[in-house]
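Subject: Structure handover

Hi,

Here is the structure to look over.

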Amino acid sequence: MFPWLLLNLDITGSLLLIINFLGLDAVTFEPSFDVPMVNVTVKQGTTAILPCSVKFLGQHQVVWTDQWSTLLTFEDRRIIDDERLSVERPYTTDWNLHIRTVRHNDQGIYNCQVNTSPVKIKTVNLKVQVPAEIINKLSSDDVTAREGDTVTLVCNVTGIPMPTVTWHRHKSLEKDDVEKESEFCPGTNRIGVSGEVLIIHNVSRYCGGTYECVAFNGVPPAVNRHINVAVEFPPEIRLPNKRIGQALRKETILECIVTAFPQEITIWTREGVQITNSFKYRVEIYAEEDHTIILSLRIRDLDYRDFGDYTCKASNRLGQDEERMNLYEYLDPKKPTTTLAPSTTPSMSDVTTVSWKFTRTYPPEVDSNPGNTVIIQPDSLPRPTQIQTDQIPTGTSGHTLASKNAGSCCQFFISFLVITNILTFLYHMGVVVS
């Protein structure tokens, strides 16, 4: 019996050496691959590593060929004129083919061959994925359409595998505008149906905005394109208030809200005449949300001539609109107004003179002579001063006549009281009125 020594030089059992201490020839093994076939998938633009590991190569040689049997490498040397290719050997059994900046046309079958008889071959199937890409020349640019038209948006894409295109519409930050979108342009915030073409029938002003197509095929990154849709429509005017009041000598501001695209002519008029900036008037424009402006008219130092109707007008090539606002005088109910009648100078014919004649009988005066009685004649008494009534102006208007009548009544009443008091006094004094 002859002793044998078995040495396991590779823990995977990749290499066995049998040594005969009696000088017999060593047993030889044929070259072999770790696996007969492998698939490699890479992204375009990266480096593709095609693995090839050969055991028991011995004196044999390794070459790489492509699917057209073109010789690429011989052992560790590049044969073809393509600097992207090289053979890398991190381990002595490795003969890996590296393809840097791999392109889609590099995809295919590659063979790692050992020149045995027959030739032994390991097949590597290279798949190159191409990220989604939008072809700008074949895609839609910004679109301008009139209200009621049909709008077609195209987002032409390419990639391997074929990308899926999803459409989005950028939402407005205004709450009211979001409600309008859901009511008048449903389904345009995010369109569920995928496709390279988006068709909007009977487009309205609420469907305008920025649309975005997003293309993705599972190979990062996703790509997108923004397309702005502008919808033209005639002006619409809205007044926050159709009537506004202000006091004399004050300042007021009239406003109208104009929605239109495009915004062309917007003015304030009074009695058919356009109002321009001056010391009296100030016209200003404030931008609101998309396609909406506020046209402001400031009027200083109001007088009676400023009260009346003012017209806000807007027009563009698609149409026109106008609304009328009324400015009236505001009267504070806490401050009653008094209208004075024009004064007139009284004439002598408007003066009434009242006179009285009084006779007083005195009781007989008794002196030391009982038979002597003195009677004082009334004519010897002083006459009272004449009493005159105030002047009563005359007029033709209703309120003036009423004032005259009221004044006459008051004067008569005062005169009556004076006469009554005098008569009462005289009565107590024993005077007889004749």
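Are C256 and C312 buried or exposed? Both C256 and C312 are buried. Here buried means under 20% relative accessible area, exposed means over 50%, and partly exposed lies in between (1.4 Å probe, protein chains only).

Ground rules before the rest. This is a predicted model, in which local features need pLDDT of at least 70 and side-chain atom pairs count only at pLDDT 80 or more, while totals for chains, interfaces and linings use all residues. Residues are numbered from 1 along each chain as its sequence is written, and side-chain values use heavy atoms, with hydrogens and water left out.

Disulfides

A disulfide is a pair of cysteine sulfur atoms within 2.5 Å. By that rule there are three disulfides.

C256 and C312 form one of them, with the sulfur atoms 2.0 Å apart. The angle about the S-S bond is 45°, and the link of C256 and C312 is right-handed. It joins distant parts of the chain: C256 sits in strand β23 and C312 in strand β28 (residues 308–316), 56 residues apart. Strands are DSSP runs of E with at least two residues, numbered from the N terminus.

C52 pairs with C112, sulfur to sulfur 1.9 Å. This link is left-handed, with -70° about the S-S bond. C52 is in the loop between β5 (48–50) and β6 (54–55), and C112 is in strand β12 (residues 108–114), so the pair ties together parts that are 60 residues apart in sequence. C52 and C112 are buried.

C155 is joined to C213, with an S to S distance of 2.0 Å. The torsion about the S-S bond is about 55°, so the disulfide of C155 and C213 is right-handed. C155 lies in the loop between β15 (151–154) and β16 (157–160) and C213 in strand β20 (residues 209–216), so this pair ties together parts 58 residues apart in sequence. C155 and C213 are buried.

Salt bridges

A salt bridge needs a side-chain nitrogen of Lys or Arg within 4 Å of a carboxyl oxygen of Asp or Glu. The structure holds 15 salt bridges. Among them is R84 with D82, at 3.2 Å from N to O. R84 and D82 are both buried.

E264 bridges to R317, with the closest N and O atoms 3.3 Å apart. This pair also links distant parts of the chain: E264 is in the loop between β23 and β24 (265–270), R317 in the loop between β28 and β29 (319–329), 53 residues apart. E264 counts as partly exposed because its relative accessibility is 41%.

R305 bridges to D303, the closest N and O atoms being 3.1 Å apart. R305 counts as exposed because its relative accessibility is 68%. D303 is buried, with a relative accessible area of 13%. Shared partners join the salt bridges of R146, E232, E264 and R317 into one network.

Surface patch

E255, E288, E289 and D290 form a negative surface patch. Patch residues have over 30% relative accessible area and no salt bridge, and like charges are joined within 9 Å. Asp and Glu count as negative, and a charge is placed at CG of Asp or CD of Glu. E255 lies in strand β23 (residues 252–261). E255 counts as partly exposed because its relative accessibility is 34%.

Best wishes

Notes. Patch = residues over 30% accessible without salt bridge, like charges linked within 9 Å, V, L, I, M, F, W, Y side chains within 5 Å. Areas by Shrake-Rupley, 256 points an atom, 1.4 Å probe, with all protein chains shown as cover. Helix = DSSP H or I, 4+ residues; strand = E, 2+ residues; numbered from the N terminus.
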